Structure formats: C-alpha cells, structure tokens
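Hi everyone, thanks for coming.

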Amino acid sequence: DCLLYYPYNSFSYIIKWLRAAAIDPAVSAIKINLYRVASSSRVVDSLISAVENGKKVTVVVELQARFDEEANITWAERMIEAGVHVIFGVPGLKIHSKMILFKRVEDGVSRLYSHIGTGNFNEKTAGLYTDFSLLSYDQEIGRDVEKVFDFIRFAHRRHEFKQLLVSPFSNRTGLLSLIESERQCAINGEPSGVFIKCNNLVDKEIIDALYAAGKAGVKVKLIVRGMCSLIPGVKGMSENIKAISIVDRYLEHPRIFVFENSGKTLYYISSADLMTRNLDHRVEVSCPVHDRKLQKKIQLILDTQWCDCVKARVIDGRQKNTIKPRGNRKKIRSQEYIHKLLRREVEAD
C-alpha cells in the first residue's frame, strides 16, 4: 500500500496513476467518484483517454456539490459525449466518497486496485488542502469499494462490507462500536485511547459516546478545524478530553480516526466528518490503514500536529481560542515541521 499526503506529496502521482491505467492493455475497467474537479482537469482528460483506449469507464458525478453544480454538469456532458458511462448519484444521498477502482487482468485473473481518500480529485485544491490518499492492492478492500459503486448504481441493493465503514449503512454504527470498545478497555484496565482529526464534530450521538468514553478513563485527543460542539475539560464530564484547532497556510482537511484497541492500534482515514449529514445522509467511506509503515506515518503527523504551539488553538468551554501554551518546549509550527519530516523521508528513499 501507498499513502500520499497532500500537498506535501504531489497530486501528480494520482494523475500519472490514472494515465498509466488509461494506456495499460491489462486494465479493463476504471470507476471513480467526482465531487469537485479543477477547471482544467487532467483527471477528466485521463478518463476520456481511457475510453479512447477501449476501457470501460464509469464516473459518478455529484451534481449537488456546493458551488460546483454548473461545472460538474459541464464536465458530465463532456464525458458523456466521449463515451464515459456517467452516473448522477443516488436520490436523497449526496455522493461524497473519494474512490477510484481499477480492474486489471493478471495471469488470467481480474485483480482490483483501489484508491480511498479524504479529499477531492482536484489538482488545485490538492495544492491548498492537506489530505490523504490510500492506494491499495488489498483485494478485500477492493471488493468493498466495488460494492459501494454497485450500491450507487443500484440503490436497492444492500451489501455487507468487510473492511470499509460506509455511510449511510455502517459508518455511524462502526464508529460508535469502536468508541464503545475503547470505553470497555478502560473499564477493564487495558490500554485505551481515541485520537480524532476532522473538520467538524457536531453529531450528538458521537459526542455522547466520546463523553462516556472519557468518563470511563479513555484519553481522547481531538483536532477539529471548524465546528466543535463537544466541550473538553469539564470536570465530571470531559476532563479526559482535550481538543485543539489548527488554522495555517494549508487548510487542514483530512478525517482520521485512531483507536488504541488494547495496544493493537486501529487507524482509519475517511471522507466523513462527524456530522449527522455525513453519517446518515451521504455516501461516505472510512477505510482502515493496515500497513505498519503507513500507520507510523499517520501517527507521526498527528503527534506533530498535537505539539503545534504556533498555529494550534485550544478548544474549551470558555471559547477563547487561545494559542496552545508552549511551556519549555521548542516552538513547533506543525505544517512547516511536517514538510521537513516528509522531505527527509523522500530523500532517504
């Protein structure tokens, strides 16, 4: 598996990946969700190229993407004219997942290559937003991704997902179950902890579950860039919960869910914020990250952001949004520090 982190890693890798699939004679089919695309989209160009090379290309276009409705209609018309099979989503549900699926014939067997991300397939925003892209050859994940596309096309069908948490089916119940598991770990004296990074945390059921986990002794860390309805640090309710918000040069956009799980830590990246609309009224995907090296990369990024004392502000009941105190630690601006860390990683490779 490969994990890209924009804008520190270039979005051009995804463009090259799509172009490679478009010309690879072993690739038979490509499926993708498009929520927001750039005004001059090389993603769309690659998909049209794939059709010209005899691939079966299916594109899900979300016509209700706020501020991008007109642009998405224009792109959809262009793709239809080129022979792309365009689907306009599920009635009553906004398609917000960030998925790509390639089918490739290897030694006579059809294999699946998947992309699950936290951000849009948009070259412009990938240079301004921080986001994760997971590229995976895990066939079980691939089959789950295929089931999500199948549901989008045939909304009457219901599927069991083995790896992915999928809204509106299992994201809410899955996350609540994972939080409850941490609560039970704390009660049993086992290692426990929850670390969440998201844009917005406003869903009452999720917040109540985090309060309950905190009361049981689970240490909860939250990085919430925007709306946060949970009140950390309240005696008798949330003294085990701490929260910060980071607003800096790049827009912090990924959704990450980490659960200590008795020392066998679980990592998920997601397209879903912790809002009722995302958990119940959209098609969203949360995907586990199994590779140890990639887990360490996620943890390093989260730990670095938690130590930010330049652009991180404390979220608390006073709503003062004060800069996180530095104490006797060195000054860390997480976005600059992460850039240095990832540059060293690239140079080492």
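**Salt bridges and a helix**

Let's start with glutamate 106 and arginine 104, whose side chains meet in a salt bridge, at 3.2 Å from N to O. By salt bridge I mean a side-chain nitrogen of Lys or Arg within 4 Å of a carboxyl oxygen of Asp or Glu. Before going on, a word on the source: this is a predicted model, where local features need pLDDT of at least 70 and side-chain atom pairs count only at pLDDT 80 or more, while totals for chains, interfaces and linings use all residues. Residues are numbered from 1 along each chain as its sequence is written, and side-chain values use heavy atoms, with hydrogens and water left out.

How many salt bridges does this rule give? The count comes to 15.

Back to that pair. Glutamate 106 is buried, at 18% relative accessibility, and arginine 104 is partly exposed at 25%. Here buried means under 20% relative accessible area, exposed means over 50%, and partly exposed is in between, with a 1.4 Å probe and protein chains only.

Next, please find aspartate 208 and lysine 204, which form a salt bridge at 2.8 Å, N to O. Both sit in helix H6, residues 204-215, and they are 4 residues apart, about one turn of the helix. Helices (H or I, at least four residues) and strands (E, at least two) are DSSP runs, numbered from the N terminus. Lysine 204 is exposed at 59%, whereas aspartate 208 is partly exposed at 34%.

Now for a pair from separate parts of the sequence. Aspartate 248 and arginine 333 meet in a salt bridge at 2.6 Å, N to O. Aspartate 248 lies in the loop between strands S12 (241-246) and S13 (251-252), and arginine 333 in the loop between strand S17 (312-314) and helix H9 (334-348), so the pair ties together parts 85 residues apart in sequence. Aspartate 248 is buried at 14%; arginine 333 is partly exposed at 26%. There is also a network: salt bridges with shared partners join Arg172, Asp203, Glu205 and Asp280.

Finally, let's look at H9 itself. Which residues of H9 are buried? They are Ser334, Gln335, Ile338, Leu341 and Leu342. Down the axis of H9, these buried residues fall within an arc of 125° (taken from the directions from the helix axis to the C-beta atoms), so they line one face of the helix. They pack against strand S1 (2-6), strand S8 (129-136), S12, S13 and helix H8 (292-306), where contact means heavy atoms within 4.5 Å.
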